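Let's take a friendly tour of a protein model. Have the sequence and the 3D view ready as you read.

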Amino acid sequence: MKIIRYLNQQGVVGFATQQADGSALKIAGDIYNSPQTTTEPADVAKLLAPIQPSSIICIGLNYRRHAQETGAKIPEFPVVFFKGINTLQHPGDPILLPTHLKSDEVDYECELAVVIGCAGKNIPRAKALDHVLGFTCCNDVSARDWQIKRGGGQWCRGKSFDTFSPLGPVLVTPDEIPNPNELKIRTVLNDQVMQDWNTNDMIFDVPTLIEFLSGSTTLLPGTVILTGTPHGVGMAQKPPRWLRSGDQVSIEIEKIGALQNPVASEP
């Protein structure tokens, strides 16, 4: 099932399932509790991020080639940081380059996002995917100057500006993606492929991440887990390729689709 979240012509938020022909049918019931597709067409005026996160938990340095390109050691345990839910951005809406707390080094990161559908604590690896509502695309936008030079040794400041977590376009349920660690993933910037790899390069796969993150910690429904980015980020280009106003960024993951956002300066 491919779930979308949308605004209708009256400005009311709804959920629907995307059909093979591109149409959408309304969902009845709670998406966290056995959502059922109806036969009623959805009046989709605007596509929204497929979920309103309860929290956003992120994993850094989780692809072997990305760790190599940044000169970092392979971590013994997952590297965890958090992004504020203020960072959420919808498909098609702009990534805003900070101008008030100015950044000149804003970077893209294609990531597979995992959405928790069923609360759990101390989840064993073998049952980890039973707690997943679905998978979607995310762009973990990062202000590298604030992340690395001005962040006080922490990543959260450089990762948590408004619009820095575009999410979408659809949420694909696990029955359509039985193995989230066998998916092609890439970033296309202005028609140029910048990242092009596979989620099988993750150091810690999705079940391992859920097991680790739920250790002594309850993962609530709506928790979004960003699973890291492959090599090819703008910071590692020679010279570095930072996002600029007028750019178009597309995050593309096999079996999910393309998350597309323009880039603009913060008003």
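## A cavity inside

The structure holds one cavity of 30 Å³ or more, and the largest cavity has about 30 Å³ of space. On a 1 Å grid over the protein atoms alone, a cavity is a set of points where a 1.4 Å probe fits but cannot get out, and lining residues have an atom within 4 Å of a point. Points are joined across faces, edges and corners, and the volume is the space filled by probe spheres set on them.

This is a predicted model: local features need pLDDT of at least 70, side-chain atom pairs count only at pLDDT 80 or more, and totals for chains, interfaces and linings use all residues. Residues are numbered from 1 along each chain as its sequence is written, and side-chain values use heavy atoms, leaving out hydrogens and water.

## Who lines the cavity?

Look for Pro 53, Ile 56, Leu 88, Cys 138, Ser 165, Leu 167, Val 224 and Leu 226 around the largest cavity. Strand 14 (165-172) and strand 17 (223-226) are the elements giving two or more residues to this lining; strands (E, at least two residues) are DSSP runs, numbered from the N terminus.

## Two cis peptide bonds

Gly 168 and Pro 169 are joined by a cis peptide bond with omega about 5°, and Pro 169 belongs to strand 14. Another cis bond links Lys 238 to Pro 239, with omega about 0°. Pro 239 sits in the loop between strand 17 and strand 18 (248-253).

Technical notes:
On a 1 Å grid over the protein atoms alone, a cavity is a set of points where a 1.4 Å probe fits but cannot get out, and a pocket is an open set with protein on both sides within 12 Å along at least five of seven lines; lining residues have an atom within 4 Å of a point. Helices (H or I, at least four residues) and strands (E, at least two) are DSSP runs, numbered from the N terminus.
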